[in-house]
Amino acid sequence: MKIRTLGAVGLIIALLAGCSSANKDQKRLEMIATNRAALLSSELPLQYGPLHIMRANSRGSMIEMMMVYNTDAAEAKPVQDVMTHSAMSFCQNPTISDNLTQGIDYRIKIRDSRGKLLIDNIITDKSCDKLLPKK
């Protein structure tokens, strides 16, 4: 009976230690995402041709960016092409790529000038592997 009790107590302690470790890692990721979003936000708004980056904030371990794309501009490309190019740029950027590898995701929302949601895409380490296969 005492051996079972000691075994159960040992198992509970091991489980709690594992949960504590996972919780610390999640908190670290959330802190990195918060700091990175604050850094991005301090530079906003940014404009790249018809694309305006308006907002960056964090939600858990995800950095969310809201952009407005003027589809009526003369130099405007199809919004899906803009998203594909943006995702590839994110995956190739060393700082962003390092964040993705650590477990931070980026959510990109692109709206038109009237506020209609055109794109809602999440860029993850796995999505980068699909876009840029390793050689």
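Figure 1. Ser97 lies in helix 3, where helices are DSSP runs of H or I with at least four residues and strands are runs of E with at least two, numbered from the N terminus. The residue is partly exposed, with a relative accessible area of 26%; buried denotes under 20% relative accessible area, exposed over 50%, and partly exposed the range in between, for a 1.4 Å probe and protein chains only. When neighbours within four places in sequence are left aside, Ser97 is in contact with Phe90 and Cys91, contact being defined as heavy atoms within 4.5 Å. Ser97 and Asp125 are 28 residues apart along the chain, and their C-alpha atoms are separated by 7.6 Å. Residues are numbered from 1 along each chain as its sequence is written, and side-chain values use heavy atoms, without hydrogens and water. Since this is a predicted model, local features need pLDDT of at least 70 and side-chain atom pairs count only at pLDDT 80 or more, whereas totals for chains, interfaces and linings use all residues.

Figure 2. Ile96, Asn99 and Leu100 are the buried residues shown in helix 3. They cover an arc of only 100° around the axis and therefore lie on the same side of helix 3; the arc is that of the directions from the helix axis to the C-beta atoms. Pro94 and Thr101 are exposed, on the face of helix 3 turned away from its buried side.

**Figure 3. Helix 2 and its covering elements.** The 14 residues of helix 2 should span 20 Å at 1.5 Å a residue, which agrees with the 20 Å between its end C-alpha atoms; the expected span is 1.5 Å times one less than the number of residues. Val82, Met83, Ser86, Ala87, Phe90 and Cys91 are buried in this helix. Viewed down the axis of helix 2, its buried residues fall within an arc of 165°, so they line one face of the helix. His85 and Gln92, on the other side of helix 2, are exposed. The cover over the buried residues of helix 2 includes strand 2, strand 3, helix 3, strand 4, strand 5 and helix 4.

**Figure 4. Lining of the largest pocket.** The largest pocket holds about 620 Å³ of space. Among its 25 lining residues, Tyr48, Leu51, Ile53, Ser86 and Phe90 are the closest to its centre. On a 1 Å grid over the protein atoms alone, a pocket is an open set of points where a 1.4 Å probe fits, with protein on both sides within 12 Å along at least five of seven lines; lining residues have an atom within 4 Å of a point. Grid points are joined across faces, edges and corners, and the volume is the space filled by probe spheres set on them. Two or more lining residues come from each of helix 1, strand 1, strand 2, strand 3 and helix 2. Helix 2 gives the largest share, six residues. The lining comprises 16 nonpolar (Ala, Val, Leu, Ile, Met, Phe, Trp, Tyr, Cys, Pro), five charged (Asp, Glu, Lys, Arg) and four polar residues (the others, Gly among them).

**Figure 5. Ser61 between two strands.** Ser61 belongs to the loop between strand 2 and strand 3. This residue is buried, with a relative accessible area of 17%. Apart from neighbours within four places in sequence, Ser61 is in contact with Gln26, Leu29, Glu30, Ala33, Gly103, Ile104 and Asp105.
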